[in-house]
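Here is my note on this structure, written for someone who is new to reading models of this kind. Please keep the sequence and the structure open beside it while going through the points.

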Amino acid sequence: MIDFSPTPQQDDLRARVERFVRNRIVPLEADPRQGPHGPQDDFRRELNALARTEALLAPHVGREWGGLGLDHVSCAIVFEAAGYSPIGPIAMNCSAPDEGNMHMLELIATAEQKERFLRPLAAGETRSCFAMTEPAPGAGADPNLLLTEARRDGDHYVVNGRKWLITGARGAAFAIIMARAEEGATMLLSDMSAPGIVIERILDTIDQGFAGGHAVLRFDDVRIPVENVLGAPGEGFKYAQVRLAPARLTHCMRWLGAATRAHDIARDYAASRQAFGKVLGEHEAVGFMLADNEIDLHQSRLAIWHCAWLLDQGRSAGSASSMAKVVCSEALFRVADRCVQILGGMGVTQDTVVERIFRELRAFRIYDGPSEVHRWALARRALRAGPKPD
Ligand SMILES: Cc1cc2nc3c(=O)[nH]c(=O)nc-3n(C[C@H](O)[C@H](O)[C@H](O)COP(=O)(O)OP(=O)(O)OC[C@H]3O[C@@H](n4cnc5c(N)ncnc54)[C@H](O)[C@@H]3O)c2cc1C
């Protein structure tokens, strides 16, 4: 039975994270050590130190790695509260791509790989990246177009290829690289300092929230020892699903927090700003925008919680996570757009964080599967299932 009432522990944790984000993190949002390609590393480390003192660092990983070992529903509560500030997830070390990478390493990596890669990542001592997408004609929405090659040479794989849109590559200690080996798609762990890994450039993008920005990477004869294969060779696409279903859901959780913040700001403005003899919110057109925000936020939360609950039951939740991704990425963007509108001219200025949330949310309809690809996958499943008996 699905029970949406939080436990006392979940309520307590939510309150702690809310206090931490509102009192310690929100006041730092305007820190100048942030640029078009995310927060600088010294700023990230300072934020991590604040979360560490509150025992809120990497809450999703197991206690043995310094986290809180939360289940998916608890993550939904905590990540939403963290996302209330665009720098909250960075502070708590539960931002993309590190959070998804930690999850995958915890599930798949060998004991040695966990010590070497997961432990410092969970502690906030390092960052990581996940290198799958390639420029056309390589892997994009369709991963089967994978071109990057991993050729076996004795006790090494030799990797050649190009990737792009790789979040956090600059400044990352290591990459998880998806490449085509003789056995099939394979994930390999490599230090970013390995000879042959070249960061060609950092892309200028609509968003600015991810540490390191998004990079174009080249692999020129990168030699990776066989013991750095993540899981079994040839199983890369299967593991990508291990990463992607929860990872796209955690994006939903964080962006739900951000959209809620935008809504709070727009609601306060609508409750106080006068136009034509009454406050804005009492004009029906504005009131309905607030109501539609409430509906979109509520539906997003329900979709997230249901999917998180399925994952906690040990179910793969592929369809539910696709649905949640479509619902949240589209509904939360609508929320941010309405908030900009309610704020009038101020909505497009950087005098509030709403402008940033609006910009940053746009890319979410594309990464971790564009809406069209999720709809396409859901449609295929629906067609395969056929008509339901009366
Ligand atoms: C901000 C950002 C960060 C990212 N970070 C990473 C990262 O860290 N690591 C990584 O590996 N990748 C990353 N990506 C890449 C992201 O996963 C890809 O952009 C995404 O998978 C789409 O691939 P593509 O850009 O090649 O689009 P394409 O494959 O060229 O598709 C373009 C468009 O075609 C449409 N389309 C595609 N397939 C279908 C279909 N079956 N039915 C209907 N329409 C379809 C969709 O509208 C889609 O948006 C990031 C992207 C962004 C924007």
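1. Leu165 is a residue of strand S5, where a strand is a DSSP run of E of at least two residues, a helix is a run of H or I of at least four residues, and both are numbered from the N terminus. Although Leu165 is not a glycine, its phi is positive, at about 65°. Its relative accessibility is 40%, so Leu165 counts as partly exposed; the cut-offs are under 20% relative accessible area for buried, over 50% for exposed, and partly exposed in between, with a 1.4 Å probe and protein chains only.

2. Before going further, please note that this is a predicted model, in which local features need pLDDT of at least 70 and side-chain atom pairs count only at pLDDT 80 or more, while totals for chains, interfaces and linings use all residues. Residues are numbered from 1 along each chain as its sequence is written, and side-chain values use heavy atoms, with hydrogens and water left out.

3. Strand S5 (residues 156-167) runs antiparallel to strand S9 (residues 214-225), and nine bridges join them; two strands pair if DSSP finds at least two bridges between them. Within this pairing, Lys163 stands opposite Leu217 in S9. Strand S8 (residues 197-203) is also antiparallel to S9, to which it is joined by six bridges, and here Ile197 stands opposite Phe219 in S9.

4. Where else does a residue other than glycine have a positive phi? Ala58 has a phi near 45°, and this residue is placed in the loop between helix H2 (41-53) and helix H3 (72-82). With a relative accessibility of 0%, Ala58 counts as buried.

5. Two cis peptide bonds deserve a look in the viewer. The bond from Ala96 to Pro97 is cis, with omega near 0°, and Pro97 is found in the loop between H4 and helix H5 (98-108). Ala136 and Pro137 are likewise joined by a cis peptide bond, with omega about 15°, and Pro137 lies in the loop between strand S3 (128-131) and strand S4 (149-153).

6. How many cavities of 30 Å³ or more does the count give? The count comes to three, where a cavity is a set of points, on a 1 Å grid over the protein atoms alone, at which a 1.4 Å probe fits but cannot get out, and lining residues have an atom within 4 Å of a point. The volume of the largest cavity is about 170 Å³, a volume being the space filled by probe spheres set on the points, which are joined across faces, edges and corners. The lining of this largest cavity has 15 residues, and the closest to its centre are Pro86, Pro89, Ser95, Phe210 and Trp255. Helix H7 gives the most to this lining, with four residues.

7. The second largest cavity has a volume of about 110 Å³, and among its lining residues are Ser95, Ala96 and Pro97. In the second largest pocket lies about 200 Å³ of space; a pocket is an open set of points with protein on both sides within 12 Å along at least five of seven lines. Its lining includes Glu29, Pro86, Gln208 and Arg359. By class, this lining has two nonpolar, three polar and five charged residues, where Ala, Val, Leu, Ile, Met, Phe, Trp, Tyr, Cys and Pro count as nonpolar, Asp, Glu, Lys and Arg as charged, and the others, Gly among them, as polar.

8. Five aromatic pairs are found in the whole structure; rings of Phe, Tyr and Trp (its six-membered ring) pair if their centres lie within 6.5 Å, with planes under 30 degrees apart counted as stacked, over 60 as edge-to-face and the rest as tilted. Phe364 and Tyr367 form a tilted pair, at 5.6 Å centre to centre and with 40° between the planes. These two residues and Phe210 form one aromatic cluster, and Phe364, at 0% relative accessibility, counts as buried.

9. Is His374 buried or exposed? Its relative accessibility is 4%, so His374 counts as buried, and its place is in helix H11 (residues 371-385). Leaving aside neighbours within four places in sequence, its contacts (heavy atoms within 4.5 Å) include Arg248, Ser322 and Asp368. Ser319, in helix H9 (residues 318-342), is 55 residues from His374 along the chain, yet their C-alpha atoms are separated by 8.5 Å.
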